[in-house]
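Q: I have a protein model open and want to learn how to read it. Can we go through it feature by feature?

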Amino acid sequence: MTSPFRRRIKKIGLPPGTLLSNLQFSPVKITVIDYSPESFIEKTDVKAMDCISYLQSPATTWIEVRGTSDIQTIQKIGANFGLHPLLLEDIVSLEQRPKLDDYKSNLYIVLRKLIHESSKKISDEQISIVLGKNFVISFQESLDDIFYPIKTRLRKENTNMRKLGADYLTYALIDLVVDHYFLVLEKIDQSFGNLEEELVNAPKSETLLKIQRAKRDIITLRKSVWPMRDVVSQFRRIETPLIQDTTKFYMHDVYDHTIQAIDTIESFRDLASSMLELYLSNINQRLNEIIKFLTIVSTIFCPLIFLTGFYGMNFVHMPLLNSMWGLPFIVLLMILVSLGMLQYFRKRKWI
């Protein structure tokens, strides 16, 4: 597939063996990355209490929390970094819609990551990002390392990721989540192509279930992607010392990609509706063909039934009743009547 899907997917660069549908809730895994243009420190399996030592670090600190089942750990991180109780409540409430809240000392951003499961079902998970003066804390439901490409860029020297601050890191996280939309949209586009081919060639009763499933997937897409436009737009316009003007300029690119994803979802929505109409049209056409066939057969047999009924009456004196040519004549007459009616139907283009 050419289109914007493939171009955006190449940018994601998922690590080998990454599972996109691992939504298991296991113990929280915390990774801390402290970096500057001259230094880079990465620690894995960090304890919540150890994160407070990075609060006064002059470098930019990224605390990645994977798994949100351990509420006590999240509360400890919130207490160490002075996060608002309502913010912590939103982190553990996993049904939040995408939004951006300004808590003055920090910004809280909610994203929805789309997941295309092996069962071809579309689901999503919540990703929360807290932007502070010189730190970023990200929370995600699953244990998947979806931010692997950003870590790879941070490990390289002389890159914008290392030179710019925490607001640029936040932009990079949002951009990667939006890029994942195109990964899912490409798979949906392929499934729609297969479904459309099945509708044209040989629609089945299971096809209707596939169409209904596709419509539900589109609802999930709309709920996850549509609010992202407001989040990105608010990120570009918010007046806060936490975000530099250069970072807001980068968000224009994310906004364009979000609009592109929304337009694609709307086209999928129209396509799903047209598929349902096409399925119903095919079913009605097949039903009409069956009724047409049965009607023709019944029409042809009507005069034949009349003849058999007429000569089946118990009368003594009837034409050809005692003739040796009676039966051949009636059979021939029935054949001629049938052929004549078929010829008439063909002439009228009914068959």
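Q: What share of the contacts in the protein with a separation of 6 or more comes from residues 24 or more positions apart?
A: A contact means heavy atoms within 4.5 Å. Here residues 24 or more positions apart account for 69% of the contacts with a separation of 6 or more. One caution: this is a predicted model, where local features need pLDDT of at least 70, side-chain atom pairs count only at pLDDT 80 or more, and totals for chains, interfaces and linings use all residues. Residues are numbered from 1 along each chain as its sequence is written, and side-chain values use heavy atoms, with hydrogens and water left out.

Q: How many helices and strands are there?
A: Helices (H or I, at least four residues) and strands (E, at least two) are DSSP runs, numbered from the N terminus. The protein has nine helices and seven strands.

Q: What is the radius of gyration of the protein?
A: The radius is taken over C-alpha atoms, and the globule rule is 2.2 Å times the number of residues to the power 0.38. A compact globule of 351 residues would come out near 20 Å, but the protein has 34 Å. Its C-alpha trace spans about 120 × 35 × 35 Å along the principal axes.

Q: What percentage of the residues is buried?
A: Buried means under 20% relative accessible area, exposed over 50%, and partly exposed in between (1.4 Å probe, protein chains only). Buried residues make up 45% of the 351.

Q: Which residues touch the most other members of the largest nonpolar core?
A: A nonpolar core is a set of buried Ala, Val, Leu, Ile, Met, Phe, Trp, Tyr and Cys residues joined through side-chain atoms within 4.5 Å. The largest has 57 residues, and Trp-62, Phe-147, Ile-150, Leu-169 and Ile-174 touch the most other members. Helix α6 gives the most to this core, with 18 residues. A second, separate core of 22 residues includes Ile-74 and Phe-135.

Q: What does Ile-174 touch?
A: Leaving out residues up to four places away in sequence, its partners include Ile-109, Met-228 and Val-254.

Q: Is Lys-113 buried or exposed?
A: Lys-113 lies in strand β5. Lys-113 is buried, with a relative accessible area of 1%.

Q: What is the phi of Lys-104?
A: Most residues other than glycine have a negative phi. Lys-104 is not a glycine, yet has a positive phi of about 65°. Lys-104 sits in the loop between β4 (99-102) and β5. Lys-104 is exposed, with a relative accessible area of 69%.
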